[in-house]
Amino acid sequence: MLEKLQGQGHMYATDVDPIESEKTKARLEALGYGPEILTIRRMNFADLDQVAPGVQFDFILADLGVSSMQIDNPERGFTFKHDGPLDLRLDPTSGVPAAQRLRELDREEMAAMLVENSDEPYADQISKTIMAIFKKGGRIETTRQLADAVDQALSFLPQKERKEAVKKSCQRTFQALRIDVNSEFEVLYSFLEKLPTVLKPGGKVAVLTFHSGEDRLVKKAFRQLQREGVYSDAAKDVIRPSAEECFQNPRARSTKMRWAIKA
C-alpha cells in the first residue's frame, strides 16, 4: 500500500512495507526525486495525520493495492502460483502471519471473514474443509497447502466448472485472509476519517481501490461528507482504467478510482 501527499512544495510518500519502501526510495532517487523534493516514510495509512504534523496538503493519492513486487515474491505468501510460507503481512516485521491467523479462527469466524472481506460464495465449504484438516492434525503453513484446501473444498463441483472456480476462490480466499491479517478495513476507516483534517480548502484526494469492499467504504465516506459540506464535490461514478491501460498492465483491470475536493 502506498500513499502520496503533496503540500507546501514538497511531496511525501508512505508505505508500511520496510522492504519495498527502501526499493521505492532508491528507484525514485535515481529518477531525480531526492530528499529535497520527496520524503518517504514507513507509516500506516491509519497514521495519516502524523505524516507531516501541522501541514495541510494540496493533493493526496492513496493506492490501496498490493504492489507487484510483493505479489511476485513467493517468500511473502501473497500468491498461490508458487509455493511459499503463508505469511501475507504487508509489514513482515509485525503482527502474525496468515498461517497462525487461520489457527486462531473457528469455523464460523473463518466463513464470516471470507464473506465480509471477499464475497466468497463457497465460504462455508472452504472453512469446513480447513477446520477438518486441522482436526485431523494437518497443517496449512504454505500457500500451496491453502490452495490445495480450497481445491478440496470445491471437489463437489462438476469437473468442467471446477478449475476456474477453484482459481477464483483461491484468489478471494488469499485476499480475505490478507485483509484480515493486515486489518485493512480498519486502517481504511481511520484514513477516511482523518482525511479532511489534513487537506487544505480546495485540496483534492484520489483513492485507488481494488475490490468491492474497499470501494464501498470510500464511496460511502465521500458521499456522506459531501452531504455534510466537508467536501464541495466528489465523484458520482467510479473511474475505471481504459482498455489500453489494462493491456499495458493487466493487474490494473480491477482498479476503481474515486475522488473528492475539500470545501
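Analyst: A salt bridge is a side-chain nitrogen of Lys or Arg within 4 Å of a carboxyl oxygen of Asp or Glu. Keep that in mind as we walk through this structure, which is a predicted model.

User: Thanks, that helps. How many salt bridges does the structure hold?

Analyst: There are eleven. Let's go through some of them, looking at both the gap between atoms and the surroundings of each partner.

User: Which residue forms a salt bridge with E141, and how far apart are the closest N and O atoms?

Analyst: The partner is R139, and the closest N and O atoms are 4.0 Å apart. R139 is exposed because its relative accessible area is 56%, while E141, at 41%, is partly exposed.

User: What about D151: which residue does it form a salt bridge with?

Analyst: D151 pairs with R162, and here the closest N and O atoms are 2.9 Å apart. This pair links distant parts of the chain, since D151 sits in helix α6 and R162 in helix α7, eleven residues apart. With a relative accessibility of 29%, D151 is partly exposed, whereas R162, at 19%, counts as buried.

User: And R178 with E184: are they buried or exposed?

Analyst: Both R178 and E184 are buried. Their salt bridge has its closest N and O atoms 2.8 Å apart.

User: Let's turn to the nonpolar side chains. Where do they tend to be in soluble globular proteins?

Analyst: In soluble globular proteins, nonpolar side chains tend to be buried together. In this structure, the largest nonpolar core has 32 residues, and those touching the most other members are L86, L102, I130, I140, L146 and L177. Two or more residues come from each of α3 (98-104), α4 (107-118), α5 (123-135), α6 (143-153) and α7 (159-181). The largest share comes from α7, with seven residues.

User: Could we zoom in on one member? Which residues is L146 in contact with, leaving aside its neighbours within four places in sequence?

Analyst: L146 is in contact with L86, L102, I130, I140, T173, F174 and L177. Apart from this core lies another, made of 31 residues, including L48, A62, V207 and L225.

User: Now the surface. Which residues form a nonpolar patch there?

Analyst: L31, Y33 and I37 do, with about 280 Å² of accessible area together. L31 is in the loop between α1 (18-30) and β3 (38-41). Its relative accessible area is 62%, so L31 is exposed.

User: A52 is in a loop too. Which residues does A52 touch, not counting those up to four places away in sequence?

Analyst: A52 touches Y12, R41 and F57. Its loop lies between β3 and β4 (57-63), and at 8% relative accessibility A52 counts as buried.

User: How can I relate separation in sequence to separation in space?

Analyst: Put the two values side by side. A52 and G213 are 161 residues apart in sequence, with their C-alpha atoms 29 Å apart. A221 and L192 are 29 residues apart in sequence, with a C-alpha to C-alpha distance of 6.8 Å. A221 is in helix α9 (residues 212-227) and is buried, with a relative accessible area of 16%.

Methods:
Residues are numbered from 1 along each chain as its sequence is written. This is a predicted model: local features need pLDDT of at least 70, side-chain atom pairs count only at pLDDT 80 or more; totals for chains, interfaces and linings use all residues. Side-chain values use heavy atoms; hydrogens and water are left out. A nonpolar core is a set of buried Ala, Val, Leu, Ile, Met, Phe, Trp, Tyr and Cys residues joined through side-chain atoms within 4.5 Å. Buried means under 20% relative accessible area, exposed over 50%, partly exposed in between (1.4 Å probe, protein chains only). Helices (H or I, at least four residues) and strands (E, at least two) are DSSP runs, numbered from the N terminus. Contact means heavy atoms within 4.5 Å. Patches are made of residues with over 30% relative accessible area and no salt bridge: like charges are joined within 9 Å, nonpolar side chains (Val, Leu, Ile, Met, Phe, Trp, Tyr) within 5 Å. Accessible areas come from the Shrake-Rupley method with a 1.4 Å probe; for residues, only the protein chains shown count as cover.
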